[in-house]
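Please read it alongside the coordinates.

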Amino acid sequence: MARQTVAVIDYGMGNLRSVLKALEHVADTQARILLTADPKQIANADRIVFPGQGAARDCMRALRSTQIDAVVRDTLQSKPFLGVCMGLQVLMSFSEENEGTELLGILPGNVQRFPERFHEQRLKVPHMGWNNVYQVRPHPLFKDIHDGSYFYFVHSYYVVPEDPTLTVGVTEYGVRFTSAIARDNLFAIQCHPEKSSHAGLQLLKNFINWDGQS
Amino acid sequence: MPLAKRIIPCLDVDNGRVVKGVRFVEIRDAGDPVEIARRYDEEGADEITFLDITASSDDRETMVHVVEAVAETVFIPLTVGGGIREIKDIRRMLNAGADKVAINTAAVFNPDFVSEASDKVGSQCIVVAIDAKRVSTTDAEPRWEIFTHGGRKPTGLDAVEWAREMTRRGAGEILLTSMDRDGTQQGFDLELTRSISDAVPVPVIASGGVGTLQHLVDGVTTGKADAVLAASIFHFGVYSIGEAKQYMAAHGVDVRST
């Protein structure tokens, strides 16, 4: 089998070096990892990684101005697709961030801010650090990862999908929120697998081996 | 809330070499940041902080290469402090693979730098390091001030107020060092840690004074810190990160099991 290509979409939002390095680390000689903003290269790749960092409004602006939004929609039709962090959030319809931001609307649902308080306790926001991802249903990307494994998170907003059956992973921080979503060839996760040591690397490895079926 | 309390080993790096004698038995090169960082990752460190203590600014480029090399094989969050004075210093470190930078002295002399930095690269990348020293007498209401130059120069700034101000300006995390306790192995200044943690809406990393594993527990329970940073107890092989986590877990602290 020819060496496959994984395109990491670079639309100018944040530093993608870690994502690139982690993918290279797990792909070994199996795949070529390409950091790219070129729609042609993205369209020709075998799999897509869609990262993201920063505020919702800036991300959406960057996606539109680079016309990567259309590319994302296209590739989502067929190829194994991994959204990471803001790459999960922008797939939703609407975010509370920046006084309300329209998102790509690929997955119906909203993005909400963590509450400041939880019962008597104040909740520090951003939710920063290692937390458990509980697997509410099996998925090929969870292969060889223990249920409840710790992953590294940094975010102030979380997704609430309209269709609860899309949720494959949940995490608790004040509220119990959806930390991973899957639909057909799409998988998207709120934490940073590229910074989550063994569990994270395993997830990335699973993605490289994934046939896109859930 | 099962968000784990983090254990962060801190490495002092001088001209690309780890100093302060890290003692891993089976390590080939005790000064190699890559090898040491990889070892800490395997032991279950939740994050690694590098403090660049290189004296000459001409040699700062060395630190960029250190971060690059570490980030190629160690996949946990990396923080770099020391000599971060301009936006371009921050960008260089982030591009090299650091996840966060710690701003210390530059924040004291130019608080706008923190606002600008968090605006440009996002609060989640900006840690403000605070070096505080107790200035109140024993029977008075406790009070701490910010000190610079390794705890030698007072600034007159109230530590709690300063921490608040830094988070208002966009600091995503506070790295709090008690200059009274640093190097003493007598434990964190818990009153200070708790005062700052209560005052700010962002995570606080306690630092300065760890000598026993109980000190780590105290830091998060009594001190209400979100993370604990230590250097010598890990470097000198007194305790491994794994032992620290076991001890903390046994004392009711949520830690990441690996």
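**Interface and pocket**

1. In this predicted model, 20 residue pairs are in polar contact between chain A and chain B, both residues of each pair being at pLDDT 80 or more. On chain A, the elements that each supply at least two residues to the side touching chain B are α1 (17-27), β9 (121-122), β10 (127-135), β11 (149-155), β13 (167-173) and α6 (197-209). Of these, β10(A) gives the most, with 6 residues. By class, this side of chain A comprises 12 nonpolar, 12 polar and 7 charged residues.

2. The contact draws 31 residues from chain A and 37 residues from chain B. About 2,800 Å² is buried between chain A and chain B, 56% of it on carbon and sulfur atoms. A:Lys124, A:Met128 and A:Trp130 account for 25% of the area that chain A buries against chain B, more than any other three residues.

3. The two chains, A and B, are also joined by 4 salt bridges. One pairs A:Arg17 with B:Glu72, with the closest N and O atoms 3.4 Å apart.

4. The second largest pocket has a volume of about 970 Å³. It is lined by 41 residues, of which B:Asp12, B:Leu51, B:Asn104, B:Asp131 and B:Asp182 are the closest to its centre. Elements of chain B that give two or more residues to this lining include β1 (6-14), β3 (48-52), α4 (105-109) and β6 (126-134). The largest share, 3 residues, comes from β3(B).

5. What is the make-up of the lining of the second largest pocket by nonpolar, polar and charged residues? The lining has 17 nonpolar, 17 polar and 7 charged residues.

Conventions: Residues are numbered from 1 along each chain as its sequence is written. Chains are lettered from A and ligands numbered from 1 in the order in which they are written. This is a predicted model: local features need pLDDT of at least 70, side-chain atom pairs count only at pLDDT 80 or more; totals for chains, interfaces and linings use all residues. Side-chain values use heavy atoms; hydrogens and water are left out. Contact means heavy atoms within 4.5 Å. Buried area is the accessible area (1.4 Å probe) that two parts lose on being put together, summed over both. A salt bridge is a side-chain nitrogen of Lys or Arg within 4 Å of a carboxyl oxygen of Asp or Glu. A polar contact is a pair of N or O atoms within 3.5 Å; within protein, one must be able to donate a hydrogen and the other to accept it, and residues adjacent in sequence count only if both atoms are side-chain atoms. Helices (H or I, at least four residues) and strands (E, at least two) are DSSP runs, numbered from the N terminus. Ala, Val, Leu, Ile, Met, Phe, Trp, Tyr, Cys and Pro count as nonpolar, Asp, Glu, Lys and Arg as charged, and the others, Gly among them, as polar. On a 1 Å grid over the protein atoms alone, a cavity is a set of points where a 1.4 Å probe fits but cannot get out, and a pocket is an open set with protein on both sides within 12 Å along at least five of seven lines; lining residues have an atom within 4 Å of a point. Grid points are joined across faces, edges and corners, and a volume is the space filled by probe spheres set on the points.
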